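Here's a quick walk through some strand pairing and ring contacts. Have a look at the model first, then read on.

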Amino acid sequence: MPRRPSFGEEPKSRLAVWSGRCGWFALAVAALSIVILRSGMLEIEPSLATFGAALVFAALAILLAFASFVTIWRQGLSGLSSAVLGLFIGILLLAYPGYLGYRATTLPMISDVTTDMDNPPRYDALARLRPRGRIEYPGGNTAALQHAGYPDIVPLQLNVPPKTAYDLALAIITKRKWRIIDPKPPTPARRDGTIEAVAQTLIMGFRDDVIVRISPLAQGSRVDVRSASRVGQHDFGANASRVRALLEDIDDAEGTTPEAKAQPDKKAPPAKKDPLDKKR
């Protein structure tokens, strides 16, 4: 039975109480789903279903909060703090999918991005980890959408030898704490050097596969990058943002090498950063 208010205690809005409870429950379920996703304990489908349930409770917390505001105003009940708490948590949880929804309407619906659409870097070791049908670069419509949406995703030319460019890229990838799967430095017997690594998105921890290819030029080297999601048809700009940031870091690091300082800068000015490009 519900506890009766003691003498002198204002009755509390039950709607406000349940708004706060739903908010806390939604937050707990969302945190649990993120932990499951990042750890890989379950398949992605039940993990996303759990996160979806958290969003349902977040929306319920918001509805109960607004309903409780009306009853508190009309009946002079207490419980405003619980209603505000439920409203705040609900908005906090729904803000993230709302932001992704906005990104989905403004960015191309692709999940595989590369600097070389004619001859994209090919996954080797990572091919065994990717789902069937998501190993080869799709090309066609994907390439057209990428060119229209991310025209600044182009190869990077450096004034340093391939081995130096490879070492710079490997150091930056290591600093970013991506899981390096298969590093292959350039050698006389192997013309190109490659680095295959797995990156995790910031919040949900989705695993995206990255390959960096270092090719020799007549003077210097060329860096190509490919980043592809394992699931979903829309990456909300995460792969393009990752490729862009990696190339910018390599470009900045190349400027500190003795080889680059001894040669004139022949590269085009770097592209401007897109302030909207953030990780999922």
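β4 and β5 make a hairpin with six residues between them, and Gly-205 in the turn has a positive phi of about 75°. Strands here are DSSP E runs of at least two residues and helices are H or I runs of at least four, numbered from the N terminus. This is a predicted model: local features need pLDDT of at least 70 and side-chain atom pairs 80 or more, while totals for chains, interfaces and linings use all residues. Residues count from 1 along each chain as its sequence is written, and side-chain values use heavy atoms, leaving out hydrogens and water.

Val-198 has Asp-209 in β5 as its bridge partner. β3 (residues 179-184) also runs antiparallel to β4, joined by five bridges, with Ile-180 partnered by Ala-197. Seven of the eight residues of β4 (residues 193-200) are buried, so the strand is largely enclosed by the rest of the structure. Buried means under 20% relative accessible area, exposed over 50%, and partly exposed in between (1.4 Å probe, protein chains only).

On to the rings: a search of the whole structure turns up two aromatic pairs.

| Pair | Centre to centre | Angle between planes | Geometry |
|---|---|---|---|
| Phe-25 and Phe-57 | 4.8 Å | 75° | edge-to-face |
| Phe-66 and Phe-69 | 6.0 Å | 90° | edge-to-face |

Rings of Phe, Tyr and Trp (its six-membered ring) pair if their centres lie within 6.5 Å; planes under 30 degrees apart are stacked, over 60 edge-to-face, the rest tilted. Phe-66 and Phe-69 sit three residues apart in helix α2, so about one helical turn separates them.

Definitions and conventions. Pairing = 2+ DSSP bridges.
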